[in-house]
Amino acid sequence: MLCETRVRCFVVTDRKVPSVAEGSKDPGERATGVQLRLTLSQLSYFGMSGPSRVERSLSCFRNVKEEQAVGARYCQSLDELLKDSDFVVLAVNLTPETTGLIGHRELSLMRSTATLVNISRGQVVDQDALVDALRSGTIRGAALDVTYPEPLPRDHPLLSLPNVVITTHIGTNTMNTCHRMVESMINNSLAVLTGQPIPNEVRAQ
C-alpha cells in the first residue's frame with residue numbers, strides 16, 4: 001500500500017493534477033512533467049534508519065543483482081542521494097536521529113527539478129525550510145501524506161502553494177490493510193490469552 005502511495009505521489013505532483021482538476025485556472029498552462037521511466041538513480045528511497053546509519057541501512061536493503069539488472073547506482077551517502085535524484089521518498093521511523101532529517105541544507109542539495117515525497121512522519125521534514133524551498137524554486141514540488149501537526153492549520157502556507165499535494169495520512173488506508181491490521185490484533189490477543197509467543201511483540205530496547 002505504501003508503494004502505491006509513492007507512485008500516486010509521483011504522478012500527482014509531477015503532472016500538476018490538483019491544478020488541472022481545479023478547472024485549469026490558466027488554460028495556457030500545460031501539465032508537463034518528467035517522464036516517469038525511473039531507475040534507482042532517479043528515484044531514491046531512504047528508509048528505516050537515521051542519518052548516522054545511512055550507509056549501513058542502505059546496504060541492508062540492497063540487492064546487487066537487481067541493481068545491476070536495472071542499471072542502478074548505489075549512493076554512498078544521503079547527500080549524494082539528494083543531489084542525484086528526481087524523486088526523494090522519505091519512509092523513516094520518527095526518532096531523535098530522523099527529526100528534522102530534511103532541512104534547509106538538505107533541500108539546497110536537491111535538484112531544481114526534484115520532488116520530495118514524505119510518507120513517514122511530519123517532523124522528519126523542517127516544514128518552514130520546505131516552504132522556502134518550494135517558494136524559491138529550490139525544488140520542483142512536494143507530496144506529503146504526513147505533516148506536523150495533523151491536520152495543518154487552515155492558514156498554513158503549505159496549503160496555499162500550487163506545487164504541493166497534501167493527503168491526510170492515508171498511506172495505509174486500504175480495506176486489505178485494515179483487515180490485516182485487525183487480523184494481527186486478533187492473533188496477538190489470542191496468543192496472550194493462550195500463553196503462546198506474541199507474533200508482533202514490541203520489546204523495549
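Which residue forms a salt bridge with Arg105, the closest N and O atoms being 3.5 Å apart? Glu106 does, and point 2 comes back to that pair.

Before the details, a word on the basis of these notes. This is a predicted model, in which local features need pLDDT of at least 70 and side-chain atom pairs count only at pLDDT 80 or more, while totals for chains, interfaces and linings use all residues. Residues are numbered from 1 along each chain as its sequence is written, and side-chain values use heavy atoms, with hydrogens and water left out.

1. Salt bridges in general. The structure holds three salt bridges. The term stands for a side-chain nitrogen of Lys or Arg within 4 Å of a carboxyl oxygen of Asp or Glu.

2. Asp79 counts as partly exposed because its relative accessibility is 25%, and Arg105 counts as partly exposed at 45%. Glu106, by contrast, counts as buried at 13% relative accessibility. (Buried means under 20% relative accessible area, exposed over 50%, and partly exposed in between, with a 1.4 Å probe and protein chains only.) Salt bridges that share partners join Asp79, Arg105 and Glu106 into one network.

3. Asp86 and Arg111. The side chains of Asp86 and Arg111 meet in a salt bridge of 2.8 Å, N to O. Here too, distant parts of the chain are linked: Asp86 is in the loop between H5 and E2, and Arg111 is in the loop between H6 and E3, 25 residues apart. Why does Asp86 count as buried? Because its relative accessibility is 10%. Arg111 is partly exposed, with a relative accessible area of 32%.

4. Helix H7. Take a look at residues 127–136, which make up H7. Gln127, Ala129, Leu130, Val131, Ala133 and Leu134 are buried there. The buried residues of H7 pack against helix H6 (104–109) and strands E3 (115–118), E4 (141–144) and E5 (164–166). At the start of the helix, a side-chain oxygen of Asp126 comes to within 3.1 Å of the backbone nitrogen of Asp128. That is a polar contact, meaning a pair of N or O atoms within 3.5 Å; within protein, one must be able to donate a hydrogen and the other to accept it, and residues adjacent in sequence count only if both atoms are side-chain atoms. After H7 comes Gly137, whose phi is positive, near 80 degrees.

5. The largest nonpolar core. Which residues touch the most other members of this 27-residue core? They are Leu107, Leu116, Leu130 and Leu158. H5, E2, H7 and E4 each supply at least two residues of the core, and the largest share, five residues, comes from H7. A nonpolar core is a set of buried Ala, Val, Leu, Ile, Met, Phe, Trp, Tyr and Cys residues joined through side-chain atoms within 4.5 Å.

6. Around Leu116. Leaving aside neighbours within four places in sequence, Leu116 is in contact (heavy atoms within 4.5 Å) with residues including Val88, Leu90, Ile102, Leu107, Met110, Val125 and Leu130.

7. Leu81. This residue lies in helix H5 and counts as buried because its relative accessibility is 4%. The C-alpha atoms of Leu81 and Leu109 are separated by 9.3 Å, though the two are 28 residues apart along the chain.

8. Two cis bonds. Most residues other than glycine have a negative phi, and most peptide bonds are trans. The bond from Tyr148 to Pro149 is cis, with omega near -5 degrees. The bond from Glu150 to Pro151 is cis as well, with omega near -5 degrees. Pro149 is found in the loop between E4 and E5, and Pro151 has its place in the loop between E4 and E5.

9. Helix H8. Leu190 is found in H8, residues 175–193, and is partly exposed, with a relative accessible area of 47%.
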